[in-house]
Amino acid sequence: RIFLTFRNKIMNKKLIQSITDVGAFIGFVGAYLLADLMVATLFLVIWFTVMVFVSKISGHHLTKLQYISWGVIVILGGSTLLYNDESIIKWRTSVVNCILAVAFLGSHFIGKKTLLERIFAGNFSAPTEKVRRLNLFIVFYLLTIGGLNLFVAYNYSTAEWMKFKYFGLTVLHFMFMIFCFYFLKPHVKEYLDKLIAEENGQKKL
């Protein structure tokens with residue numbers, strides 16, 4: 001009973017997913033600053049494996065992206081430690097982004113809807129043509145990030161790569177989110193107005 005209470009009240013799905021990402025970030029950066037990239041890689045492999053195990057026993061699954069990241073981390077991280085070559089783990093960002101790019105691009109040819117249309121379905125409404133164009137922009141962006149990551153990894157020091165990975169990419173992600181917002185701005189406004197109207201209607205009831 002104690003275990004079930006802990007599982008149901010404390011270990012909810014969103015909490016497990018958030019702890020996985022935040023813990024990976026803090027632990028990886030912390031291990032790198034206190035030791036080196038090899039130790040940080042070991043932490044990342046262990047952390048994600050433990051969190052996958054925790055998600056299974058708690059009944060709250062991680063996101064598909066987190067499972068993909070875990071698989072890539074185990075393969076590349078394990079190879080990094082096995083061959084004592086830190087350049088291997090630097091491929092992680094590029095590999096994950098390429099997998100996502102293939103998924104977004106493939107959805108243009110497989111199925112009736114693109115991946116972005118499926119994500120928006122029932123939550124956000126915008127012209128199909130516009131959503132499909134944004135879906136292609138995402139493909140281009142993901143491939144660009146993957147290419148930039150490898151460029152920095154092989155042309156700059158590990159310290160510079162870490163700065164790019166956790167600060168440079170954060171800025172780029174933020175800028176791309178702003179681009180997406182302005183690209184869909186009229187439809188975002190309509191969506192927000194609809195939510196406000198629904199909320200006001202519920203308050204009146």
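Which residues form a nonpolar patch on the surface? Select Leu-42, Ile-46, Val-50 and Leu-81: together they have about 310 Å² of accessible area (Shrake-Rupley method, 1.4 Å probe, with only the protein chains shown as cover for residues). A patch takes residues with over 30% relative accessible area and no salt bridge, nonpolar side chains being joined within 5 Å; a salt bridge is a side-chain nitrogen of Lys or Arg within 4 Å of a carboxyl oxygen of Asp or Glu.

This is a predicted model, where local features need pLDDT of at least 70, side-chain atom pairs count only at pLDDT 80 or more, and totals for chains, interfaces and linings use all residues. Residues are numbered from 1 along each chain as its sequence is written, and side-chain values use heavy atoms, without hydrogens and water.

Next, select helix α3, residues 37-58, which gives the patch its largest share, three residues. Helices are DSSP runs (H or I, at least four residues) numbered from the N terminus. Val-50 sits in α3 and is partly exposed because its relative accessible area is 40% (buried is under 20%, exposed over 50%, partly exposed in between).

Move to Glu-117 in helix α6, residues 115-120. Glu-117 has 12% relative accessibility, so it counts as buried. Show Arg-132 too: a polar contact of 3.4 Å joins the two side chains, Glu-117 and Arg-132 (N or O atoms within 3.5 Å, one able to donate a hydrogen and the other to accept it).

Finish at helix α8, residues 158-183, and select Phe-164. The helix bends there by about 35°, the angle between axes fitted to the seven residues ending at a residue and the seven starting there. Phe-164 is among the buried residues of α8, which also include Trp-161 and Tyr-166.

Notes. Patches are made of residues with over 30% relative accessible area and no salt bridge: like charges are joined within 9 Å, nonpolar side chains (Val, Leu, Ile, Met, Phe, Trp, Tyr) within 5 Å. Helices (H or I, at least four residues) and strands (E, at least two) are DSSP runs, numbered from the N terminus. Buried means under 20% relative accessible area, exposed over 50%, partly exposed in between (1.4 Å probe, protein chains only).
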